[in-house]
Amino acid sequence: MIMQSSHRHITTDHDEIRRWVEAHHGAPARLANTATANSAGDLRIDVPGHGTTGLEHLSWHEWFTAFDGQRLALCYPDPHVRGGTSAWFELVHRDIGDAVFS
């Protein structure tokens, strides 16, 4: 599902997310030592230049399983606004504002 608002693009589509991450030379990750028996840990996207340390890379399958389980979505600038080349992003909960993702 996709929602666009305020020049941002929010999606849960796995193929779209993977394309966006790889286009920005990123990789699926989580904060190291945050996984437990009941949780996959704090998910992140490791993008060069974002300065996040202490990340553990995951397979796409493992990352998307946790992404869906935690009901997350990827928010990034609308690609049609000013070129859309920014590597800014945010992982947000699917329940945001008036939009509820299924």
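The buried residues of helix H2 are Trp60, Trp63, Phe64, Ala66 and Phe67, where buried means under 20% relative accessible area, exposed means over 50%, and partly exposed lies in between (1.4 Å probe, protein chains only). Seen down the axis of H2, these buried residues fall within an arc of 160°, so they line one face of the helix; the arc is that of the directions from the helix axis to the C-beta atoms. An α-helix has 3.6 residues a turn, so residues three or four places apart point the same way. The face of H2 turned away from its buried side carries the exposed residues His61 and Gly69.

This is a predicted model, in which local features need pLDDT of at least 70 and side-chain atom pairs count only at pLDDT 80 or more, while totals for chains, interfaces and linings use all residues. Residues are numbered from 1 along each chain as its sequence is written, and side-chain values use heavy atoms, with hydrogens and water left out.

The chain has two helices and nine strands, and from the N terminus on, its elements run β-β-α-β-β-β-α-β-β-β-β. Helices (H or I, at least four residues) and strands (E, at least two) are DSSP runs, numbered from the N terminus. Of the 102 residues in the chain, buried residues make up 38%. Among contacts between residues at least 6 apart in sequence, 56% join residues at least 24 apart, a contact meaning heavy atoms within 4.5 Å.

How confident is the predictor in each part of the chain? The mean pLDDT of the chain is 79, and 76% of its residues reach 70 or more. Among the elements of the chain, H2 has the highest mean pLDDT (94), whereas strand S1 (residues 2-5) has the lowest (44). Over residues 1-5 pLDDT stays under 50, although the model has 18 contacts beyond four places in sequence for them. Where pLDDT is low, the predicted coordinates should not be read in detail.

We can now turn to what surrounds H2. The buried residues of H2 pack against strand S2 (8-11), helix H1 (14-23), S3, S4, strand S6 (72-77) and strand S7 (90-93). Helix H2 itself, which spans residues 60-69, lies across S3 and S4 and runs at about 135° to S4; axes are lines fitted to C-alpha atoms, for helices over the stretch in contact, and angles run from 0 to 180 degrees between N-to-C directions.

Strands S3 and S4 belong to an open sheet of three strands in the order S4-S3-S5, with antiparallel pairing. The edge strands are S4 (43-46) and S5 (55-57), each of which pairs on one side only, and the twist averages 45° from one strand to the next. Two strands pair if DSSP finds at least two bridges between them, and four bridges join S3 (residues 27-31) to S4. Within this pairing, Ala29 stands opposite Arg44 in S4.

Another place to look is Tyr76, which lies in strand S6 and counts as buried at 6% relative accessibility. Leaving aside its neighbours within four places in sequence, Tyr76 is in contact with Arg8, His9, Thr11, Glu16, Trp20, Trp88 and Phe89. The C-alpha atoms of Tyr76 and Trp88 are separated by 6.2 Å, the two residues being 12 residues apart along the chain. The side chain of Tyr76 makes a polar contact with the side chain of Glu16 (2.6 Å), a polar contact being a pair of N or O atoms within 3.5 Å; within protein, one must be able to donate a hydrogen and the other to accept it, and residues adjacent in sequence count only if both atoms are side-chain atoms. The side chain of Glu16 also makes a polar contact with the side chain of Thr11 (3.1 Å). Thr11 is found in strand S2 and counts as buried at 0% relative accessibility.

His25, in the loop between H1 and S3, has a positive phi of about 60° although it is not a glycine, and His25 is exposed, with a relative accessible area of 65%. Arg71, in the loop between H2 and S6, is likewise a residue other than glycine with a positive phi, near 55°; Arg71 is partly exposed, with a relative accessible area of 33%.

Terms used: pLDDT is the predictor's confidence in each residue, from 0 to 100.
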